[in-house]
Each structure stands twice: as structure tokens, then as C-alpha cells.
Amino acid sequence: MTAEPGSTVAPKLFAPLGPTYDRYARLLSLGQDPRWRRFLASRLEVGPNERVLDVATGTGAVALELVRQHGCSVVGIDRSPEMLAVARERVAARGLGARVELHEGRAEALPFPDDSFDALTVTYLLRYVDDPAATIRELARVVRPGGTMSMLDFAVPPARVARALWELYVRIVLPSAGRLLSPGWHEVGRFLGPSIRDLEARLPLERQLELWSDAGLADVRARRLSLGGGVVVWGRRR
């Protein structure tokens, strides 16, 4: 299976998996996904009276982590009504309806005015948009000057040994493990490796950092996590 920029494959693939997404994402990432999300949230400089936009919020994991770490208010937005339904259940179960509001929408055309938020997080997005540069500009648009923005995505490890282990995992272990869970997770296991390689080929990390700078973000930094299998980029709106 190959991944295409802006493909509709991903929403159709992940939408039915909402109820099991967090549990099996943790399992299939060998426990790294929650760690990466915690680090993503920790890059923001916000307080209890500030408002954060969480783009591609999915089941609300990052939104809830933002509230836990910072005590801020969060607006989550995602294109999948199925994922948002799970997020609403999680928010309600934790009694955080006053802190977290959820909306359906697309990252490429955010339904918010300029400078609406004190900070922004975005997770696993760039592989699924047709124009990453325009999308990063759109994300930066809604952050106030001086506000922080952070982004999490998968990556291909740059070191030879780590990459060899990564290739073994995404080619053999991940699809096989997915098959044991369900047909839907088997398809996800087959999809992820090619889609991550595709983003690496189209938009290496160095180019991503340039796009952040071009979008008006300063002090842009990146950290590779878990031998390079994940990467978090963050910066401040000029």
C-alpha cells in the first residue's frame, strides 16, 4: 500500500478504529506514542488562563494532556466525526467539558480568525495534506504573535542501525501485529511504513524547519525521539 499526499485513504482507514485507537496505538508503538504526546504538550508555554488549539485532535489524547500539564483551555479540531465522538466521551468522562471544546474541521482551512489562540499543537498531519507549506502557514495564522506552536509526526530514523530496525518493524512486525488485532488494524499496519517513507522523501526534516520559518515562526527547533522514530518540532510566532 502506498500513501499519497492529501489522500482520503487515511480518514477512511482510521475512522472505524476510534474506540480502540489509543490502546492499540500505545501497543503498536511499543509504548512510545503517549510519551511523544507528553513531550509535544510540554513544548508549549501556556498558563491556566490561556487557550490552545489542538489540530488533528483525534480521540483527544493531546487535548487532555494539555489540560493536565498546563491547566489551559483547549479547542480540538479534527476532520473525523468518528474520532471526535470518542474524544467527546473521554472529555465527558473526565468532567472536562468546561475546559475542552471539540469541532469538526480541516487543518487546511481553520474556521478561526487570525491570532485566536495563545498556542497550538498538531499531531500526525503533514502526510495527509496536499500542500504542507500552505497548511503550516494556516496553522501559524491562528496563533497570536509570541505564541508557541508544536508538531508531532513519525519519522524515519537517520542512523543506519536504527533505520534497519525500523524497517524490520514497519515491514514485518507492524503488519503482523495488526493482523492479530483486527482487519482494520492490519490495514493500518500495512499503511504506516509507506506513508512515513513518503513524507520523508517529499519533506525531510530540514525542509520542514524551513517551512516553519517561512510561515513566520522563530526559534524553530526539533527533537528526534525513540531513536528517530518520532520527531517534535516547535517554535514561536514572530
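Helix 3 (32–42) supplies four residues, the largest share, of the lining of the second largest pocket, in a predicted model whose local features need pLDDT of at least 70 and whose side-chain atom pairs count only at pLDDT 80 or more, while totals for chains, interfaces and linings use all residues. Residues are numbered from 1 along each chain as its sequence is written, and side-chain values use heavy atoms, with hydrogens and water left out. Helices (H or I, at least four residues) and strands (E, at least two) are DSSP runs, numbered from the N terminus.

**Second largest pocket**
- A pocket is an open set of points on a 1 Å grid over the protein atoms alone, where a 1.4 Å probe fits, with protein on both sides within 12 Å along at least five of seven lines; lining residues have an atom within 4 Å of a point.
- Helix 2 (18–28) and helix 4, like helix 3, each supply at least two lining residues, and the lining includes Asp22, Arg37, Leu64 and Arg94.

**Helix 4**
- Eight of the ten residues of helix 4 (residues 61–70) are buried, so the helix is largely enclosed by the rest of the structure; buried means under 20% relative accessible area (1.4 Å probe, protein chains only).
- Among the buried residues are Leu64, Glu65 and His70, and just after the helix glycine 71 takes a positive phi of about 70 degrees.

**Strands**
- Strand 2 (residues 73–78) has five of its six residues buried.
- Strand 1 (residues 51–55) pairs with strand 2 in the parallel sense over five bridges, where pairing requires at least two DSSP bridges between two strands.
- Leucine 53 stands opposite valine 75 in strand 2.
- Five bridges also join strand 2 to the parallel strand 3 (residues 100–104), with aspartate 78 opposite glutamate 104.

Technical notes. Buried means under 20% relative accessible area, exposed over 50%, partly exposed in between (1.4 Å probe, protein chains only).
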